[in-house]
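These are my notebook entries on one protein chain. I began with single residues and then turned to the whole chain.

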Amino acid sequence: MKSEEIKAFLLHLGHNMWCEWLPEELMNEKSIGNPKHVPDWKLACDEALWRKTTDMLIARGMNMVLVDVGEALVYPSHPELAIPGSWSPEKMRNEMRRLKARGLEPIPKLNFSCTHDGWLKDYHRMVSTPDYYKVVDDVIGDAIEVFDHPRFIHLGFDEERVEWQRDNNYFVSRQGELWWHDFLYTCKCAEKRGVRAWVWADMGPHKPEYVQRCPKSILQTPWYYDAYNAKLSMDQKVNPHWWKLQNMLDLDKHGFDQIPCGTNWIGFKRRSMGVNGDDVMGLVVKFAREHLGPEHLKGFLMAPWTSIKDDESNAKNISGIDLFVEALKIGAKR
């Protein structure tokens with residue numbers, strides 16, 4: 001019997017995945033020099049908007065919410081990772097139970113990519129040390145416990161390459177056997193607690209051995225965002241983003257379960273051409289349903305990549321819900 005298709009939507013409670021956490025005397029915008037790398041000093045989430053948005057997900061038929069936790073939780077094992085406004089374990093547990101009771105399955109998302117781990121504060125500068133490994137294990141255990149032992153936990157691992165950190169004051173990027181050691185260690189921290197590890201799959205095209213070495217137990221999410229051409233051409237000479245589509249095909253060929261991800265976020269290429277992102281999610285759904293085997297295509301993920309701190313930022317989430325609902329109608333009958 002085929003399981004229900006996952007219709008997952010990414011919402012942010014935490015947002016410090018794109019920042020630097022420097023020594024206290026440098027922690028101001030002028031010293032850092034790059035405003036986009038300044039962390040949120042308090043939790044960037046309006047709770048009334050959070051309720052409104054999650055209620056809309058339920059009303060529009062979504063069955064999963066992927067919660068970007070990061071600094072939003074006061075981790076029992078590491079309360080030093082919290083910021084003003086971080087939710088207590090009791091508050092987080094109660095809200096996730098409320099959503100689950102209404103049919104929306106909450107899945108925690110952390111990110112252990114060195115490009116997106118600002119939420120780990122000073123531990124970012126301790127990567128691959130005994131202290132770091134302990135923190136990784138501890139916070140994964142905390143998230144699993146607070147979310148009442150979900151069936152998945154998303155561990156991130158996207159974009160860990162030097163070019164994504166080149167403007168930072170401090171950067172660290174693992175490669176070779178060290179990357180594999182830390183990646184597999186982190187996934188095992190979830191699996192030993194009976195929870196399936198879920199990751200972004202975009203490291204695959206940068207690591208040719210990925211499909212051979214990555215365990216099939218790890219749920220994969222390839223993504224397709226910033227293509228500025230309106231059609232998903234199968235001709236790699238025409239489509240400049242072919243590698244993202246090839247990634248989906250390679251994962252499918254090698255028997256990985258996957259949940260492809262689209263967006264209504266507008267990347268720099270689309271912005272430069274004055275093109276919006278309203279067609280992307282529909283293109284992802286159409287491509288996946290036409291070219292991936294149904295036994296491994298577990299569903300889809302919509303990721304607007306915005307906060308819920310005010311109406312302006314949350315508007316991208318609201319419009320993303322409508323676009324996702326429409327996209328899921330494409331090719332619904334296989």
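Entry 1, glutamate 95. I found glutamate 95 in helix α3, which covers residues 89-101. Helices (H or I, at least four residues) and strands (E, at least two) are DSSP runs, numbered from the N terminus. I noted that the model is predicted: local features need pLDDT of at least 70, side-chain atom pairs count only at pLDDT 80 or more, and totals for chains, interfaces and linings use all residues. Residues are numbered from 1 along each chain as its sequence is written, and side-chain values use heavy atoms, with hydrogens and water left out.

Is glutamate 95 buried or exposed? I have it as buried, because its relative accessibility is 6%. The cut-offs are under 20% relative accessible area for buried, over 50% for exposed, and partly exposed in between (1.4 Å probe, protein chains only).

I then looked up its partners. The side chains of glutamate 95 and arginine 98 are joined by a polar contact of 2.8 Å. A polar contact is a pair of N or O atoms within 3.5 Å; within protein, one must be able to donate a hydrogen and the other to accept it, and residues adjacent in sequence count only if both atoms are side-chain atoms. Leaving out residues up to four places away in sequence, glutamate 95 touches Trp50, Arg51, Thr54 and Trp87. Contact here means heavy atoms within 4.5 Å.

Serine 128 is not a glycine, yet I read a positive phi of about 65° for it. Aspartate 148, also not a glycine, has a positive phi of about 60°. I looked these up because most residues other than glycine have a negative phi.

Where do they sit? Serine 128 is in the loop between β3 (105-109) and α4 (130-146). Aspartate 148 is in the loop between α4 and β4 (152-154). Serine 128 counts as partly exposed, at 22% relative accessible area. Aspartate 148 is also partly exposed, with 29% relative accessibility.

I listed 10 helices and 8 strands. Of the 334 residues, 57% are buried. For contacts with a separation of 6 or more, I noted that 75% are between residues 24 or more positions apart. The C-alpha trace spans about 55 × 45 × 45 Å along its principal axes.
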